[in-house]
Amino acid sequence: MSRALTKGLGRLAAGLVIMMAFPALAQLKDETPAERDAQILKTILPGTYSNGEQVYFDNRLDLPASDRAALLSATFEIVALAENGPSAVKVTQEGGSIYYILSLDAGRLAVRWAAYRLAPTASAATETAPTFADLVAVPQCDLLSRREAGQFRAVGTGTCAGWPQELMISDRSIWWRSGS
């Protein structure tokens, strides 16, 4: 009887261990690389950037004037669009602002930067605390980004005058090529 009892207790213990392991394994599920990249971008982006390093190297390499980047300063900030709603990356430079909502583009395994501008009907006060309803999509300004070693490279899906056609972003610098 003790052998049967020991065998039964052993099976019970094994069953309990298996039952307890499933929730633990479920918690180990990780995000996709693009989801992690979106989280990292939202962490490193806030701040004011200048592409002075890019301008210096363009001049030093003696690139044709048409290929040289113009000196610019851009401020990136995370803004909440609504209580418990999505947040956006607001990019402000001389001449205005554009809002990007970062999301996963599963088909391309990349982070999509969906571009928006304030609607013409939005008030100036709305710019500091917009809601999603205050924004208008500008799909020609969308970007797709992927991680490349210690940086992110975002490339435009269309042509967007005055806004990035290509960005190279690290935690210390930004290189920006504008659309024409």
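**Rings and cores**

Colleague: What's the relative accessible area of Phe-57?
Modeller: Phe-57 comes out at 33%, so it's partly exposed (buried is under 20%, exposed over 50%, partly exposed in between, with a 1.4 Å probe and protein chains only). Trp-175 is partly exposed too, at 26%. Keep in mind this is a predicted model, where local features need pLDDT of at least 70, side-chain atom pairs need 80 or more, and totals for chains, interfaces and linings use all residues. Residues are numbered from 1 along each chain as its sequence is written, and side-chain values use heavy atoms, leaving out hydrogens and water.

Colleague: How many aromatic pairs are there in the whole structure?
Modeller: The search finds 6 (Phe, Tyr or six-membered Trp rings with centres within 6.5 Å; planes under 30 degrees apart are stacked, over 60 edge-to-face, the rest tilted). Phe-57 and Trp-175 are stacked because their centres are 6.3 Å apart and their planes at 20°. Phe-57 sits in helix 3 and Trp-175 in strand 10, so the pair ties together parts 118 residues apart in sequence (helices, H or I, have at least four residues and strands, E, at least two, as DSSP runs numbered from the N terminus).

Colleague: Which cluster do ring pairs make?
Modeller: They link Tyr-56, Phe-57 and Trp-175.

Colleague: New topic: how many residues has the largest nonpolar core?
Modeller: That core has 28 (buried Ala, Val, Leu, Ile, Met, Phe, Trp, Tyr and Cys joined through side-chain atoms within 4.5 Å). Phe-76, Val-91 and Trp-176 are among those with the most contacts inside it.

Colleague: Which element gives the largest share?
Modeller: Helix 2, with 4 residues.
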